[in-house]
Amino acid sequence: MTTLPTKTDRKLGLVIDLDTCVGCHACVISCKGWNTQNYGAPLSDMDAYGAEPEGTFLNRVHSFEVTREQAPPMVVHFPKSCLHCDNAPCVTVCPTGASYKRTEDGIVLVNESACIGCGLCAWACPYGAREMDGAEKVMKKCTLCVDRIYNENLPEEDREPACVRTCPAGARHFGDLSDPDSDVSQLVAAREGFDLMPEQGTQPVNKYLPPRARDSLDMPDLASLCDPAPEATGFLGWLDRALEKL
Amino acid sequence: MPSQPTPDLSPQVSDEVRKTTCYMCACRCGINVHMKGGRVAYIEGNRDHPVNRGVLCAKGSAGIMQHNSPARLRAPLKRVGPRGSGKFREITWEEALQTAVDWLKPLRDTAPEKLAFFTGRDQSQSFTGWWAQAFGTPNWAAHGGFCSVNMAAAGIYTMGGAFWEFGQPDWDRTKLFILFGVAEDHDSNPIKMGLGKLKARGARVIGVNPIRSGYNAIADDWVSITPGTDGLFILSLVHELLRAGKIDLGYLVRYTNAPYLVNAADGPEKGLFLRDDAGKPMVRDRATGQAVAWDTPGISPDLGAGVEIGGVSHLPVFRHLADRYLAPEYAPEQVSDRCGVPAVRIRAIAAEIARVAFDEEITIDQPWTDFRGVKHDKMVGRPVTMHAMRGISAHSNGFQTARALHMLQILIGSVETPGGFRFKPPYPKPPEAHPRPHAGHNPGQPLDGPHLGYPLGPEHLLLDDAGQPKRIDKAFSWDAPMSAHGLMHMVISNAHAGDPYPIDTLFLYMANMAWNSSMNTSAVMDMLTDQNEDGSYKIPRIIYSDAYSSEMVAFADLVLPDTTYLERHDCISLLDRPICEADALADSIRWPVVAPDRDVRPFQTTLLELGARLGLPGMVREDGSAAYKDYADYITTHERRPGVGPLAGFRGNGDGKGRGAPNPDQIARYIENGGFWIDHIPAEAQFYKPWNAAYQDWAVERGIYDSPQPYVFNLYSEPMRKFQLAAEGHGDRQPPDHLRARLRETMDPLPIWYPTFTDAATDPDEFPLHALTQRPMAHYHSWGSQNAWLRQIHGHTPLYVSGEIWAKHGFQPGDWAILTSPHGRITLPVLRMDALNGRTVWTWNAVAKRRGAWALDEQAPEATKSQLLNHLIHELLPPKGDGLRWANSDPVTGQAAWYDLRVRIEKAPAGQSLAYPDTGQQDSPVPPAPRNLAHQV
């Protein structure tokens with residue numbers, strides 16, 4: 001069993017905008033590329049060109065359909081990676097201390113040299129956010145690009161997670177969610193950001209912004225917006241008067 | 001608490017960053033390629049690049065797996081087994097080049113038209129076209145004919161530019177964005193970035209698409225339109241806007257041909273513009289009631305009243321337009337059923353367009369002067385924008401639908417105004433400023449001009465004295481008069497049939513024509529392998545260049561292996577498909593960030609070498625030696641016009657913008673600058689480009705035009721009317737009788753809608769459904785599904801059907817469906833999706849693979865659980881009983897009507913687990929792929 005810090009100095013995490021995510025998987029592959037070259041073992045692809053390819057990904061996008069009573073169905077793209085929970089069950093379940101939550105920023109990491117590949121943490125995570133690497137047999141998970149966000153070899157502007165840097169639609173935001181004045185906290189407040197599965201008691205740091213109302217366009221008949229409507233006086237008469245005013 | 005581990009928080013990311021241009025799709029984003037020990041380690045977006053500003057899509061980030069793909073060809077190949085078998089032997093480049101020369105030289109000397117050279121999704125068309133022109137064959141084009149020529153041609157003929165490379169919404173200012181049936185791999189990062197900007201400021205996005213996936217999923221409002229009816233929906237919006245008077249009359253008077261008087265006198269000029277003695281179109285001046293030249297200073301042109309001459313009343317274009325679209329047949333209630341859109345939704349959208357355009361007008365305090373010399377103290381804009389691509393254009397009514405869309409944009413005065421749709425240089429460029437098509441060929445001589453262009457009337461068709469098409473694809477014939485991009489999808493079937501004439505060598509580049517890029521794939525494979533009685537092939541010789549072991553490779557006699565995009569030079573040129581922004585001129589390069597580790601060569605360099613060996617003009621010096629060392633040398637030193645070459649930046653001594661002598665350091669300067677060059681348009685020239693004197697002068701300075709080219713938008717297309725007049729019997733050049741009625745109908749000079757040819761000919765009880773393909777955002781054509789990372793996102797092709805169809809046929813999870821069209825039949829797994837137009841089913845495009853291709857396992861789901869809808873689509877329509885076979889294409893441009901497909905669906909018998917039809921297997925010319933990957937450099 002591994003203990004969680006009683007408190008962390010900051011709560012670094014992601015805010016993911018479900019109103020804006022087009023489901024393009026840019027974040028998935030950017031993450032794959034960065035984390036194959038960095039932090040710990042590369043993310044492998046088993047049977048890469050075969051019948052049942054199975055690779056390790058730290059971030060995946062799922063798509064859900066929402067059918068509604070009086071409106072057309074919606075499709076929601078839902079990117080999912082480790083939520084860096086304050087009350088992370090994946091940490092407390094770890095028999096070796098390999099899984100841990102950092103005190104300075106709250107990032108949940110796996111110390112691969114201490115990981116025995118038992119997989120208990122993946123079972124404990126209610127979000128399915130951890131994946132056992134098929135080649136290395138160690139547990140892999142989102143590091144919040146801990147080797148980017150403090151990386152002095154990167155220009156300052158690039159010190160953010162790879163998924164955030166690459167997101168074409170700007171649907172992913174990174175920051176300190178313990179600071180109510182941070183951009184991400186402001187965004188969560190303004191857009192009614194929510195916790196994923198709060199009933200699990202995991203207290204996730206990452207937040208999701210809900211899709212805005214869809215298919216609500218309700219306009220009066222166009223002609224009623226016009227004064228006078230050409231229909232009232234005949235189109236040519238209207239046209240003549242309108243041209244006169246030009 | 002025990003002390004925490006201390007991971008390395010500042011690892012060395014790379015030894016060096018090399019900045020080049022992505023090629024994982026046609027978007028052309030800037031990329032930073034991180035190198036470690038001379039190898040590619042990681043790819044990310046270039047923050048300085050105008051196209052993507054640092055972001056990068058899934059394809060772009062997966063470029064490393066494309067570069068390392070096991071499907072990469074390794075050496076030139078000569079076929080040793082039957083065509084299609086994939087049996088080859090590797091040969092030397094000397095043998096490969098000499099073989100090609102031995103085949104091509106006699107053709108050039110005797111009958112250059114017997115070479116058909118067609119290129120696919122390459123971005124070097126101004127180069128390959130130049131080569132083909134020097135060779136002297138009229139038979140060259142790229143892939144536009146089966147992609148989006150309807151969009152491009154309708155845009156050019158209507159307003160001098162279309163979407164994507166031609167222009168873009170004013171993303172920073174627009175307040176309402178309407179997206180019609182887009183292909184989500186086109187302009188992909190810029191559209192996503194634009195949508196993100198709109199979302200961040202709460203602007204409304206409306207998606208018009210039968211399928212609510214991708215961009216449509218985040219649309220605030222979704223219009224689940226029935227395929228092929230977008231034009232009718234658009235014309236109904238026009239009806240509503242006209243009915244309410246919500247149109248920008250000032251804009252129409254100043255910047256369009258709305259006031260031009262249309263000749264109403266019976267005879268050969270009927271429907272053409274009334275012109276003065278100098279040939280200028282005339283308008284009615286409201287002050288005098290007289291017809292005067294359209295550009296007479298100080299007049300106030302009328303839009304309603306006409307002039308009477310000799311007892312005939314000649315009315316302005318706008319009057320014809322209003323009369324047509326105000327007719328009750330375009331009322332929302334009348335179109336609702338056919339479009340699958342409730343009338344109340346059509347009215348609401350029209351009202352929202354009107355509200356935003358006219359109540360939320362944008363003003364920029366920027367004085368400017370128009371081409372008439374009139375000074376304006378501000379720039380006024382209507383912040384409603386639209387975008388469309390193949391979804392509306394890949395129909396047999398696609399050209400007219402795209403015209404209708406542009407008409408809608410123009411009527412509300414939003415084109416080239418702040419908040420509206422903006423052209424990207426070198427556009428705007430009206431049809432008159434483009435070349436005409438050429439096909440004059442003679443043995444041993446170059447072609448008499450550029451292959452492709454914009455015909456302005458029947459006199460520009462490419463027909464011989466007997467009225468037969470001069471091109472193998474029959475482009476610019478009566479079958480498809482305005483086929484501005486050629487008809488690549490017809491080349492193989494025409495060559496196989498020897499119609500209009502036989503060819504000898506089919507030379508293809510980067511076009512998977514034996515597979516996902518052809519309609520009627522199974523039959524095309526048969527045509528490529530069909531033999532004469534003596535055992536020779538009907539298409540005698542096939543040369544193909546590709547970087548990968550694609551399906552088409554197996555059907556070639558000679559394969560010239562290309563490099564990957566990280567191993568070669570390219571230029572994304574202003575002469576071609578540039579990367580400009582609405583407020584800037586820009587172009588870019590690729591350069592070899594790594595050297596090839598195989599015996600492969602960049603195709604363009606190979607082509608120059610062939611050109612030199614063939615002695616083609618421009619490719620050899622006087623002493624017979626090669627004029628260009630390689631493609632990089634061509635990029636730097638070639639001049640298309642004096643001082644104007646493939647790259648616009650750093651010309652002359654390095655300061656030249658657009659114009660200037662060749663600069664030997666030009667490529668080095670591009671590399672130093674991050675792989676691109678950008679030059680911003682002055683503030684006073686940024687809007688109203690077709691009419692803005694400052695823009696026109698700037699464009700001349702930069703070499704875009706050689707003289708100012710102001711023009712007005714063509715709401716009414718006079719070139720179309722000329723073709724229509726011919727169909728009515730006027731003029732020397734007459735269409736064949738069987739095409740007259742169709743040309744009369746479809747060459748209407750004002751936008752029209754008609755049911756797609758397939759819809760019109762299909763019994764809705766027999767084939768009740770529309771079937772579409774979409775290309776996933778994470779793939780590009782057949783390249784994506786061989787990529788180890790991307791194929792894990794989309795690895796097979798389920799057929800998505802609505803809940804109603806699901807229930808009706810009793811589908812259960814794991815079931816397969818049989819999809820039958822009038823032409824063929826396929827099976828594929830089925831999945832339920834409710835966010836669909838109820839009359840539509842769909843699947844992913846180009847994921848399916850032939851067994852043995854692309855270095856994938858024979859049991860890969862791309863081969864076993866995937867299918868191409870292409871098998872269901874014939875390049876010809878079913879026989880109508882008139883003894884003729886009609887093309888399954890747009891009648892104006894010849895664009896392949898992929899999305900006209902109609903089908904019926906049945907549940908496949910239990911136990912189905914393999915996709916039908918089985919297209920056989922090809923031997924792989926490359927070694928088997930590694931089983932597992934853990935790629936750390």
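Start with chain A, where the C-alpha centres of domain 1 and domain 2 lie 57 Å apart. Select 12–209 for domain 1 and 221–246 for domain 2. These bounds come from an automatic or database domain assignment.

A word on the ground rules. This is a predicted model: local features need pLDDT of at least 70, side-chain atom pairs count only at pLDDT 80 or more, and totals for chains, interfaces and linings use all residues. Residues are numbered from 1 along each chain as its sequence is written, while chains are lettered from A and ligands numbered from 1 in the order in which they are written.

**The contact between the chains**

Show both chains. The contact takes 81 residues from chain A and 90 residues from chain B. Two residues are in contact if their C-beta atoms, placed from the backbone, lie within 7 Å. On chain B, the elements that each supply at least two residues include strand S3 (39–45), helix H6 (188–200) and helix H12 (343–359). H12(B) gives the largest share, eight residues. Helices (H or I, at least four residues) and strands (E, at least two) are DSSP runs, numbered from the N terminus.

Now colour the chain B side by class. It has 51 nonpolar, 20 polar and 19 charged residues. Ala, Val, Leu, Ile, Met, Phe, Trp, Tyr, Cys and Pro count as nonpolar; Asp, Glu, Lys and Arg count as charged; the others, Gly among them, are polar.

**Helix H6 of chain B**

Select 188–200 of chain B. H6(B) has 13 residues and reaches 18 Å from its first C-alpha to its last, close to the 18 Å expected at 1.5 Å a residue. That expected span is 1.5 Å times one less than the number of residues. Is H6(B) largely enclosed or open? Of its 13 residues, 10 are buried, so H6(B) is largely enclosed by the rest of the structure. Buried means 20 or more other C-beta atoms within 10 Å of its own; exposed means 12 or fewer; partly exposed is in between; C-beta atoms are placed from the backbone. Just after H6(B), find B:Gly202, with a positive phi of about 75 degrees.

**Helix H5 of chain B**

Go to residues 149–159, where 11 of the 11 residues are buried.

**Last stop**

Select B:Asp534, in the loop between H16 (521–529) and S24 (541–546). B:Asp534 is exposed, with 5 other C-beta atoms within 10 Å. Its C-alpha is separated from that of B:Ala258 by 62 Å.
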